[in-house]
Amino acid sequence: MGNILVTGANGLVGSQFKDVMGITSRIGDLRNPQMVDKIFSVYTDREHNVDRVIHCAAKVGGVGGNIKYKGEFFYDNIMINTNVIESARKYGVTKLVAFLSTCIFPDNVEYPLTELKIHAGKPHFSNDAYAFAKRMSEVQIRAYREQYGLNYTSVIPTNIYGPNDNFNIENGHVIPSLIHKCYLARENKTDLTIWGSGKPLREFISSKDVAELTLWVLDNYNESEPIILSNSEEISIKDIVEIIVELMNFKGNVIFDTDKPDGQFRKPSDNTKLKRYLPKYKFTPIQDGLKETIDWFENNYSTIRK
């Protein structure tokens with residue numbers, strides 16, 4: 001068996017894979033098809049012997065970035081996904097696992113989210129450009145399986161968190177943004193102000209768990225249909241804030257600004273398929289995962305994405 005190549009190797013999930021070959025933005029621009037072909041021609045040669053790919057690379061951001069830069073988010077992601085999957089096909093990659101996102105699901109959909117509901121309606125307007133681009137990688141994979149007989153598939157993790165995340169307060173996702181906000185409030189001795197009521201519910205999964213499960217998918221999961229990676233356990237934003245405040249030893253006031261929007265109240269997923277395959281898998285408890293993330297954040301604050 002050959003080697004594994006990971007795209008987006010410096011990112012939140014990509015950085016969790018050990019003993020693999022990695023593509024970062026420094027190696028090449030994955031939006032450029034000629035450059036992607038060149039990268040794959042090198043990594044699939046006899047010296048590197050890559051025959052499996054985990055495709056994590058993407059242009060991602062928070063709500064603000066998704067709304068303000070819809071054209072960029074669509075173009076960058078549609079080109080990255082199209083080029084990586086096509087070059088993998090051309091250069092003989094036998095197994096590819098591509099990352100999707102729960103935001104690809106329709107805005108108006110009956111819960112819980114399942115793998116069969118991806119194309120059942122339009123995604124939320126705030127990230128529809130990004131979501132449609134990600135959906136198209138699932139379509140491309142199905143088309144390639146049908147025409148070329150390739151064993152390519154995709155995974156849909158719920159809200160991922162962990163070391164190497166983007167901790168930008170405006171453009172980062174909820175957990176890294178909250179950690180950074182709490183850090184600044186503690187250091188500056190100010191109140192910690194949270195957007196919304198804190199009542200919305202989310203499902204979180206550590207990047208370490210996602211990496212472990214993705215390696216299992218690479219070796220064992222051969223269905224065309226994507227598989228949701230989730231513990232299907234909801235927790236409120238308010239409870240997440242309380243854990244972060246405790247772990248970061250913040251002693252100031254916590255204010256929930258109810259004049260700011262809450263966003264979707266909940267997006268529960270159904271992990272029946274994953275549990276059928278891996279009934280005994282133990283997910284990282286949220287308290288442990290947050291402690292690891294916060295420790296990494298504090299130890300690397302001067303160099304992290306923020």
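Colleague: Let's start with helix packing. Is the crossing where α5 passes α9 left-handed or right-handed?

Modeller: Right-handed, for α5 passing α9. Bear in mind that this is a predicted model.

Colleague: Noted. At what angle do α5 and α9 pack, and how far apart are their axes?

Modeller: The angle is about 55°, and the axes of α5 and α9 are 11 Å apart. The two helices are therefore oblique to each other.

Colleague: Which residues of α5 and α9 meet?

Modeller: From α5, I175, I179, H180, Y183 and R186. They meet I286, L290, T293, I294, F297 and E298 in α9.

Colleague: Are F73 and Y130 buried or exposed?

Modeller: F73 is buried, at a relative accessible area of 4%. Y130 also counts as buried, with 9% relative accessibility. Now your pair. The ring centres of Y183 and F297 are 5.3 Å apart and the planes are at 85°, so that is edge-to-face. Y183 belongs to helix α5 (residues 174-188) and F297 to helix α9 (residues 286-299), so the pair ties together parts 114 residues apart in sequence.

Colleague: And burial for Y183 and F297, buried or exposed?

Modeller: Y183 is buried, and F297 is too.

Colleague: Which residues are in the ring cluster with Y183?

Modeller: Ring pairs link Y183 with F167, W296, F297 and Y301 into a cluster.

Colleague: How many aromatic pairs are there?

Modeller: The count comes to 12.

Colleague: What sits over the ring of Y301?

Modeller: The charged end of K306, 4.6 Å from the ring centre. There is also R89, whose charged end sits over the ring of Y148 at 4.5 Å from its centre.

Colleague: Back to α5. At what angle does α5 pack with α7?

Modeller: About 45°, with the axes of α5 and α7 10 Å apart. That makes α5 oblique to α7. The crossing of α5 and α7 is right-handed.

Colleague: What meets what between α5 and α7?

Modeller: V174, I175, L178, I179 and C182 are the α5 residues. In α7 they meet I237, I240, V241, I244 and V245.

Colleague: Switching to backbone. Which peptide bond is cis?

Modeller: The one from Y111 to P112, with omega near 5°. P112 is in the loop between β4 and α4. Most peptide bonds are trans.

Colleague: What is the phi of D19?

Modeller: About 60°, a positive value, although D19 is not a glycine. Most residues other than glycine have a negative phi. D19 lies in the loop between β1 (3-7) and β2 (21-23). D19 is exposed, with a relative accessible area of 83%.

Colleague: Where is S101?

Modeller: In the loop between β4 (95-99) and α4 (128-148). S101 has a relative accessible area of 16%, and the cut-off for buried is under 20%, so S101 is buried.

Colleague: What is S101 in contact with?

Modeller: Y130, I156 and P157, leaving aside neighbours within four places in sequence. Y130 is the residue whose ring pairs edge-to-face with F73.

Colleague: Last one. Where is N81, and is N81 buried or exposed?

Modeller: N81 is in helix α3. N81 counts as buried, at 3% relative accessibility.

Colleague: Which residues does N81 touch?

Modeller: H55, A57, A133, K134, S137 and Q140, not counting residues up to four places away in sequence.

Note on methods
Residues are numbered from 1 along each chain as its sequence is written. This is a predicted model: local features need pLDDT of at least 70, side-chain atom pairs count only at pLDDT 80 or more; totals for chains, interfaces and linings use all residues. Side-chain values use heavy atoms; hydrogens and water are left out. Helices (H or I, at least four residues) and strands (E, at least two) are DSSP runs, numbered from the N terminus. Buried means under 20% relative accessible area, exposed over 50%, partly exposed in between (1.4 Å probe, protein chains only). Contact means heavy atoms within 4.5 Å. Rings of Phe, Tyr and Trp (its six-membered ring) pair if their centres lie within 6.5 Å; planes under 30 degrees apart count as stacked, over 60 as edge-to-face and the rest as tilted. A charge sits over a ring if NZ of Lys or CZ of Arg is within 6 Å of the ring centre and within 35 degrees of the ring normal. Axes are lines fitted to C-alpha atoms, for helices over the stretch in contact, and angles run from 0 to 180 degrees between N-to-C directions. Angles under 35 degrees count as roughly parallel, over 145 as roughly antiparallel, 65 to 115 as roughly perpendicular and the rest as oblique. A crossing is left-handed if the near helix is turned anticlockwise from the far one by less than a right angle, and right-handed if clockwise.
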